[in-house]
Structure formats: structure tokens, C-alpha cells
Amino acid sequence: MIERFAGTARWEDRYGYCRVVRAGGWALTAGTTATGPDGVLHPGDPYQQALAAFGIALDALRSAGVAPDQVVRTRMYVVDIDHQDRIGAAHHELFGAIRPVATMVQVSALADPQHLVEVEVEAYAADGL
């Protein structure tokens, strides 16, 4: 069974995606940035943007019935690898006890020039959620 859970990003309807998809035991988030109703959150601050983006993704997973301790993989797309330590610190703050596998790569740009990081989160529950 596949279930889809919409979020609030203005791009979801426009581009044809949803925030979370649950398929069997898997729950996957779409790429998530630090974006609120009024635009980019925490411009210029990679640490706060990472916390905000992961927070949005984790809230979306919770709304789909998935707990943070079920996260098994994270991905971080950063526009400047020099922000690695700050973004990594945010990741550690949220996932240090969970210790999912993680990837951080530098990309040339994100959807808004003020975005410094975009994240994806994957979770798995053996009971099929």
C-alpha cells in the first residue's frame, strides 16, 4: 500500500509531488528547505536553516505516523561545503542518538538563492507503519 501526505510547500501542487510518501515499511520525505509561509527562514545561517528544514521534515513524518527514532537515512544538499560543520552540528543535535546513515554533498544552487541547505529524510518501521 502507498499513502501520500501533502505538506504546505507552494511547489507541491505546482510541480506534482507531496511532502511524504509511505510505501510498506518505508516513509520518505521530499527535499525540504527552511521555508515558511513568508519565505526563507534564517537567511545566511546554515545551522538554523538545517534545524528548520529537518524540523519540517520530521514534523511531516510525525503527521504520517512515523517517529524520529525510525529515521534510517538523511541527505543534506549544501550550496557551500564550508558550512559542513554548522550543518553537521544541527544534524547531530537532532539525530546524534539515532545515528542514521547520512550523506552531505555540495550542489551548485537550490530553488531560492537564500537557501543554504536542502534535506531529505527516510524512515523504516518493520511493522509496516
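Predicted model: local features only at pLDDT ≥ 70, side-chain atom pairs only at ≥ 80, totals over all residues.

Trainee: Noted. Which residues make up helix 2, and what span should they have?

Mentor: Helix 2 runs over residues 46–63, which is 18 residues. At 1.5 Å a residue they should span 26 Å, and the end C-alpha atoms are 26 Å apart, so the two values agree.

Trainee: Which residue caps the N-terminal end?

Mentor: That's Asp45. One of the side-chain oxygens of Asp45 lies 3.1 Å from the backbone nitrogen of Tyr47.

Trainee: And what comes just after the helix?

Mentor: Look at Gly65 there, with a positive phi of about 85°.

Trainee: Okay. Which residues of helix 2 are buried?

Mentor: Here's the list: Pro46, Tyr47, Gln49, Ala50, Leu51, Ala52, Ala53, Phe54, Ala57, Leu58, Ala60 and Leu61.

Trainee: What covers them?

Mentor: The cover includes several strands: strand 2 (20–23), strand 3 (26–29), strand 5 (39–40), strand 6 (71–78) and strand 8 (117–124). Helix 3 (84–95) is part of the cover too.

Trainee: Can we zoom in on one? Is Ala50 buried or exposed?

Mentor: Ala50 has a relative accessible area of 0%, so this residue counts as buried. Setting aside neighbours within four places in sequence, Ala50 is in contact with Ile87, Ala90 and Val117.

Trainee: How far is Ala50 from Arg22?

Mentor: Their C-alpha atoms are separated by 23 Å, and the two residues sit 28 residues apart along the chain.

Trainee: What about Ala60, buried or exposed?

Mentor: Buried, because the relative accessible area of Ala60 is 9% and the cut-off for buried is under 20%. Beyond the neighbours within four places in sequence, Ala60 is in contact with Arg19 and Val20.

Trainee: How far apart are Ala60 and Gly7?

Mentor: The C-alpha separation is 7.0 Å, although Ala60 and Gly7 are 53 residues apart along the chain.

Trainee: Switching topic: how much space lies in the largest pocket?

Mentor: About 490 Å³. The lining is made of 23 residues, and those nearest the centre are Thr8, Ala9, Trp11, Arg19 and Thr35.

Trainee: Which elements give two or more residues to that lining?

Mentor: Those are helix 1 (11–15), strand 4 (35–36) and helix 2. Helix 2 gives the most, with four residues.

Trainee: You mentioned Thr35. Which side chain makes a polar contact with it?

Mentor: The side chain of Thr33 does, at 2.7 Å. Thr33 lies in the loop between strand 3 and strand 4. The side chain of Thr33 is also joined to that of His115 by a polar contact of 3.3 Å.

Trainee: Is Thr33 buried or exposed?

Mentor: It counts as buried, since its relative accessibility is 10%. Leaving out neighbours within four places in sequence, Thr33 is in contact with Ala53, Ile56, His115, Val117 and Glu118. Ala53 is one of the buried residues of helix 2.

Trainee: Last one: what about His83?

Mentor: You'll find His83 in the loop between strand 6 and helix 3. Its relative accessible area is 19%, so His83 counts as buried, with the cut-off being under 20%. Apart from neighbours within four places in sequence, His83 is in contact with Pro46 and Leu116. Pro46 is another of the buried residues of helix 2.

How values were computed: Residues numbered from 1 in each chain as written. Heavy atoms only, no water. Expected span 1.5 Å × (residues − 1). Buried < 20%, exposed > 50% of the residue type's maximum accessible area, 1.4 Å probe, protein only. Contact = heavy atoms within 4.5 Å. Polar contact = N/O pair within 3.5 Å; in protein donor to acceptor, adjacent residues only side chain to side chain. 1 Å grid on protein atoms, 1.4 Å probe; cavity = no way out; pocket = protein on both sides within 12 Å on 5 of 7 lines; lining within 4 Å. Points joined across faces, edges and corners; volume = space filled by probe spheres on them.
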